[in-house]
Amino acid sequence: MPQKTILKGLTLDELRQWVVQQGWERFRADQIFSWLYTKRATSFQEMTDIGKAVRQRLGEIADVGLLPVLKTVTSAETGTVKFLLGLRDGNTVECVYIPEKNRRTVCLSSQVGCPLGCTFCATGQMGFRRNLAAWEILEQLLVVERTIGQKLTNVVFMGMGEPFLNYQEVMRAADLISDERGISISHRKIVISTVGIVGSIRRMAEEERPYRLAISLNAADDDTRTQIMPINRRYKIHELLEAAKYYYEKTRRRVTFEYVLIRGVNDRKRDAERLVQLLRGFPCKINLIPYNETVPEYQRPSLEHVERFSRWLRPLPAPIIVRWSRGRDIRAACGQLWSEGMQERTPSPFASSGETSPA
Ligand code: SF4
């Protein structure tokens with residue numbers, strides 16, 4: 001039997017072409033697109049403004065592109081929910097819903113595992129399995145929307161994997177997420193976070209992709225950065241900074257530098273001084289993220305020390321925000337799941353109550 005076409009992940013133009021190839025009128029694509037992304041349909045049968053015969057045929061030749069939720073874990077304290085989704089090849093992938101005052105954010109994964117092996121990161125220790133297809137990325141978001149029964153407001157690509165090692169599919173997903181005819185989350189609310197794949201930073205600038213760029217810097221000298229992020233052997237900090245500057249010059253959008261603070265590794269006064277030196281004069285923002293204790297060798301600094309480190313950065317004109325992570329479980333993603341406003345010493349959202357396993 002020929003494989004069914006997965007319609008999720010096709011752009012509206014591609015869907016129109018496909019519909020015409022089936023001998024149907026073009027407007028059928030617009031109907032399907034709307035059902036998939038704005039009404040979050042889970043079957044063709046739900047698409048009631050499409051004639052029964054067409055719906056039946058759709059069921060024979062096409063696939064909505066659903067992934068089962070294998071498990072959810074909810075934080076009683078923060079409302080953060082981690083989802084474990086089953087992929088069709090037997091792998092699993094995670095996404096996290098992070099509710100805040102007026103924001104509903106989803107943190108999406110772009111790969112199963114990750115090949116980059118950052119030493120502080122749980123995903124990095126898993127190794128790499130494969131890239132996700134755009135529809136598998138979109139389905140993470142739609143699973144969350146279906147579950148919470150509301151539209152999400154923000155998207156961060158900070159889950160499992162390095163988004164720029166899966167550039168095409170991540171951009172396809174981001175384009176569909178921001179498509180006003182579908183999910184329609186503003187491109188300004190979509191953040192793509194990279195450890196710094198230099199060629200892809202330049203490519204994103206050249207292609208004038210409108211999404212926000214975050215760079216996971218985590219150290220201001222090459223020795224420390226190489227120790228915790230092996231990718232630094234390939235792209236040294238100066239090269240990364242040059243690419244970030246190129247991105248700013250091309251787009252005029254400030255880059256956010258993420259700095260995961262790890263006790264005794266990158267939180268010393270000299271680290272702060274180097275960071276000031278490095279970023280002086282560069283229009284950017286800095287997010288300080290106290291480390292989630294996901295790998296036993298590394299610890300989070302105390303609240304007092306985080307505040308001290310933040311004060312040491314004051315010579316920089318850049319806004320500095322301390323973001324306490326809400327994704328504190330080792331398997332929440334790559335130790336970079338974060339959300340502003342998290343209170344110090346809040347228990348792990350994934351260690352507390354609310355664990356469920358949907359059938
Ligand atoms: S921090 Fe990100 S890039 Fe590094 S190993 Fe983890 S998932 Fe991969």
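Visitor: In which loop does Arg-252 lie, and is Arg-252 buried or exposed?
Guide: In this predicted model, Arg-252 sits in the loop between helix 9 (237-251) and strand 12 (255-261). Its phi is positive, about 65°, although Arg-252 is not a glycine. Most residues other than glycine have a negative phi. Exposed means over 50% relative accessible area; Arg-252 is at 55%, so it counts as exposed.

Visitor: Is Asn-218 buried or exposed?
Guide: Asn-218 belongs to the loop between strand 11 (212-216) and helix 8 (222-228). Asn-218 has a positive phi too, near 70°. The cut-off for buried is under 20%. Because its relative accessibility is 0%, Asn-218 counts as buried.

Visitor: How do the axes of helix 7 and helix 9 run, roughly parallel or roughly antiparallel?
Guide: The two axes come within 9 Å and cross at roughly 5°. Angles under 35 degrees count as roughly parallel. Therefore helix 7 and helix 9 are roughly parallel.

Visitor: How many nonpolar residues does the contact of helix 7 with helix 9 have?
Guide: From helix 7, the residues in contact include Val-198, Ile-201 and Met-204. Among those they meet in helix 9 are Leu-240, Ala-243 and Tyr-247. By class, the contact has 1 polar and 5 charged residues, and the nonpolar ones number 9.

Visitor: How far apart are the end C-alpha atoms of helix 6?
Guide: Helix 6 (residues 167-178) has 12 residues.

How values were computed:
Residues numbered from 1 in each chain as written. Predicted model: local features only at pLDDT ≥ 70, side-chain atom pairs only at ≥ 80, totals over all residues. Heavy atoms only, no water. Helix = DSSP H or I, 4+ residues; strand = E, 2+ residues; numbered from the N terminus. Expected span 1.5 Å × (residues − 1). Buried < 20%, exposed > 50% of the residue type's maximum accessible area, 1.4 Å probe, protein only. Axes fitted to C-alpha atoms, helices over the stretch in contact; angles between N-to-C directions. Parallel < 35°, antiparallel > 145°, perpendicular 65-115°, else oblique. Contact = heavy atoms within 4.5 Å. Nonpolar A, V, L, I, M, F, W, Y, C, P; charged D, E, K, R; others polar.
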